[in-house]
Amino acid sequence: MRASTLLQNIRVVLVNTSHPGNIGGVARAMKNMGLSRLVLVEPRQFPSEEAVARASGATDILDSAQVVSCLEEALAGCSLAFGTSARERRIPWPLIDPRECGVAAVQKADEGAEVALVFGREHAGLTNEELQRCHFHVHIPSDPAFSSLNLAAAVQVLTYEVRMAALAGENAPVAPRQDAIEEGDQPVTADEMESFYGHLEKSLVEIGFLDPASPRHLMTRLRRLYGRSEVTRLEMNILRGILTETLKAARGEHHKRGKTDV
């Protein structure tokens, strides 16, 4: 797949951007690197003439930008999401640098999957909950003595690495064509994973394994566990089936045991 084509599978997500000029700066950075899909989660001010001025010719990206009400909606359909943050977290998330992010994003996009690069608020970045909706935590190794990056600059760094990885793929030898991936072997999307996490949490509460009054980061650690695995649709069906049958057993519901087709 050519770089210009696979880059269409990669979206940039901005969460609660405070300054409209930064949105314009991000649009310009994206267009420099050949990306065009911008998703805005509850921006403070958009549309904006200031955003248009800072875009410097990348107004087509602003015109087509999608505005949504929550990060979950912004990640709908994505199989891989990268959350950027300069802060260390109490429960470490799988950590990669921008170059590794670019390679991983392009590899997944080349498979036809949707990928998201997620950036947080200018003043505070992403919350722990928001970062936990991403598969990886991306840290830009800037100088510790002056580590704060402007939002557009951070987007420029990651989108540059994405473009370089895509161009490198164009020049690589063409691998022998493999059979098409069967539907059951396709990775689940972020919204499908969120539905599973809701099912899992409800099940754990009902069987008494999770105390809602004292969760002790259990769901966070389970998110990290499942996030490390590329769960396929077939595997998700198995996991959801296990939860359903576990709840039936806990409730004392009788059912005819059948053979499981895995």
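1. The residues that line the largest cavity of this predicted model divide into two nonpolar, four charged and no polar ones. They are Glu72, Leu75, Arg133, Ala190, Asp191 and Glu194, and the space that they surround comes to about 30 Å³. By the rule applied here, the count of cavities of 30 Å³ or more is one. Helix α9 gives the most to this lining, with three residues, and that helix is taken up again in the points on packing below.

2. The second largest pocket has a volume of about 520 Å³. Of the 23 residues that line this pocket, those closest to its centre are Ser85, Ala86, Arg121, Gly125 and Leu149. Sorted by class, the pocket lining holds eleven polar, nine nonpolar and three charged residues, whereas the lining of the largest cavity has no polar residue and four charged ones.

3. The next points turn to helix packing. Two packed helices are described by the angle between their axes and the distance between the axes. For helix α9 (residues 190–206) and helix α10 (residues 218–227), the axes come within 11 Å and cross at roughly 135 degrees, which means that α9 is oblique to α10. The crossing of this pair is right-handed.

4. On the α9 side, the residues that meet α10 are Met193, Glu194, Phe196, Tyr197, Leu200, Glu201 and Leu204, and their partners in α10 are Leu218, Met219, Leu222, Arg223, Tyr226 and Gly227. By class, this contact has nine nonpolar, three charged and one polar residue. Glu194, which is listed in the contact with α10, is also one of the residues that line the largest cavity.

5. Helix α9 has a further partner in helix α11 (residues 233–250), where the two axes come within 10 Å and cross at roughly 20 degrees. Because of that angle, α9 counts as roughly parallel to α11. The crossing of α9 and α11 is left-handed, while that of α9 and α10 is right-handed.

6. The contact of α9 with α11 brings Glu192, Met193, Ser195, Phe196, His199, Leu200, Ser203 and Glu206 of α9 up against Arg233, Met236, Leu239, Arg240, Leu243, Thr244 and Leu247 of α11. These residues fall into seven nonpolar, four polar and four charged.

7. The contact is made by Asn22, Gly25, Val26, Ala29, Met30 and Asn32 of α2, together with Leu151, Ala152, Val155, Gln156 and Thr159 of α8. Divided by class, the residues of this contact are six nonpolar, five polar and no charged, whereas the contact of α9 with α11 includes four charged residues.

8. Most residues other than glycine have a negative phi, and most peptide bonds are trans. Here, a cis peptide bond joins Phe46 and Pro47, with omega at about 0 degrees. Glu42, which is found in the loop between β2 and α3, has a phi near 45 degrees, a positive value in a residue other than glycine.

Conventions. Residues are numbered from 1 along each chain as its sequence is written. This is a predicted model: local features need pLDDT of at least 70, side-chain atom pairs count only at pLDDT 80 or more; totals for chains, interfaces and linings use all residues. Side-chain values use heavy atoms; hydrogens and water are left out. Axes are lines fitted to C-alpha atoms, for helices over the stretch in contact, and angles run from 0 to 180 degrees between N-to-C directions. Helices (H or I, at least four residues) and strands (E, at least two) are DSSP runs, numbered from the N terminus. Angles under 35 degrees count as roughly parallel, over 145 as roughly antiparallel, 65 to 115 as roughly perpendicular and the rest as oblique. A crossing is left-handed if the near helix is turned anticlockwise from the far one by less than a right angle, and right-handed if clockwise. Contact means heavy atoms within 4.5 Å. Ala, Val, Leu, Ile, Met, Phe, Trp, Tyr, Cys and Pro count as nonpolar, Asp, Glu, Lys and Arg as charged, and the others, Gly among them, as polar. On a 1 Å grid over the protein atoms alone, a cavity is a set of points where a 1.4 Å probe fits but cannot get out, and a pocket is an open set with protein on both sides within 12 Å along at least five of seven lines; lining residues have an atom within 4 Å of a point. Grid points are joined across faces, edges and corners, and a volume is the space filled by probe spheres set on the points.
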